[in-house]
Number of protein chains: 2
Amino acid sequence: MATIYHKVGIKASAEDIYQALTSDKGLSNWWTHETSGAGAVRSIIDFKFNDTIVQFRVKELIQNKKVVWKHFGETPPEWMNTEISFGFEVTDEQILVHMKHANWQEQTSFFAHCNLKWAVFMLSLKDYLETGKGRPFPNDVQIDHC
Amino acid sequence: MATIYHKVGIKASAEDIYQALTSDKGLSNWWTHETSGAGAVRSIIDFKFNDTIVQFRVKELIQNKKVVWKHFGETPPEWMNTEISFGFEVTDEQILVHMKHANWQEQTSFFAHCNLKWAVFMLSLKDYLETGKGRPFPNDVQIDHC
């Protein structure tokens, strides 16, 4: 099993970060423009990337502290049974968001692609919260061809 | 043991990418401005980040195909005994660079920090080669505080 693990510091309140991870509006501002279904535990969130819909079921929510999703469906195949979590670590200056995408079968070439893309999207989350402007798909063009 | 693994597509020749990974001039344009010592196998490269010098010994070079470094010295401590490799995968459109930072003892918080930073520097390498302008330290300010 392999895990993608990123840490990013964000100068925003825990409430605002939590909103960005648990609402359609928040998620659509940093991951993909077309996001729907975000809500309570057991909600299924649809993340649309052109013709591809990636789905996650909300598995755990600890208000202003932690968000866990479990992959739902079969797209993309390598994400089956994976889980994504965001944990908040509060420091004096900022909140460190620990993002993990766990339960990959192995560190494939696609894993490496997604690892880099997750870094880009974590920085998009940071920019959305700190400046009001993220770079959700399809505006993540900087690495469109990687 | 844990491995950071990124893949980035670069529209440049294998020769140019190899130069960017094996010469002081190339390395100083995408990782850190102050780079010295790059050369043949067994060379020790000094990468300076303010008062910190990070050193790697060149372990393997396959011209225009692969570069491997072995960490040298004790800074940063978690990098001791780690290895960094860059492998080239040629496709019709571009060259995919597979970057690995292997032999971490575990996936610590610092690992997560470095994982995100490596993504930023891989995109800096891409931009340097495609546009002539990378974002080597200290110009990697976008994530200065993470």
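Colleague: How many helices and strands make up the secondary structure of chain A?

Modeller: This is a predicted model, in which local features need pLDDT of at least 70, side-chain atom pairs count only at pLDDT 80 or more, and totals for chains, interfaces and linings use all residues. Residues are numbered from 1 along each chain as its sequence is written, while chains are lettered from A and ligands numbered from 1 in the order in which they are written. Helices (H or I, at least four residues) and strands (E, at least two) are DSSP runs, numbered from the N terminus. From that end, chain A runs β-α-α-β-β-β-β-β-β-α, which comes to three helices and seven strands.

Colleague: Why is chain A as compact as a globular protein of its length?

Modeller: The radius of gyration is taken over C-alpha atoms, and the globule rule is 2.2 Å times the number of residues to the power 0.38. For 146 residues the rule gives 15 Å, so chain A is as compact as a globular protein of that length because its own radius is close to that, at 14 Å.

Colleague: What percentage of chain A counts as buried?

Modeller: A residue is buried if 20 or more other C-beta atoms lie within 10 Å of its own, exposed if 12 or fewer, and partly exposed in between; C-beta atoms are placed from the backbone. Of the 146 residues of chain A, the buried part is 38%.

Colleague: Which strands are the edge strands of the sheet in chain A?

Modeller: Two strands pair if DSSP finds at least two bridges between them. The open sheet has the order β1-β7-β6-β5-β4-β3-β2 in chain A, with antiparallel pairing. Strands that pair on one side only are the edges: β1 (2-10) and β2 (34-36) of chain A.

Colleague: Which element supplies the largest share of the side of chain A that touches chain B?

Modeller: In all, 24 residues of chain A are in contact with 24 residues of chain B. That side of chain A divides into 11 nonpolar (Ala, Val, Leu, Ile, Met, Phe, Trp, Tyr, Cys and Pro), 11 polar (the others, Gly among them) and two charged (Asp, Glu, Lys and Arg). Both β1 and α3 of chain A each supply at least two residues. The largest share, 10 residues, comes from α3(A).

Colleague: Which residue of chain A has the C-alpha nearest the axis relating the copies?

Modeller: Copies are superposed by least squares on the C-alpha atoms of residues with pLDDT of at least 70 in both. Chain A can be laid on chain B with an RMSD of 0.0 Å by a turn of 180 degrees and a shift of 0.0 Å along the axis. The two copies are thus related as by a two-fold rotation axis. At 3.1 Å from the axis, the nearest C-alpha in chain A is that of Ala119(A).

Note on methods. Two residues are in contact if their C-beta atoms, placed from the backbone, lie within 7 Å.
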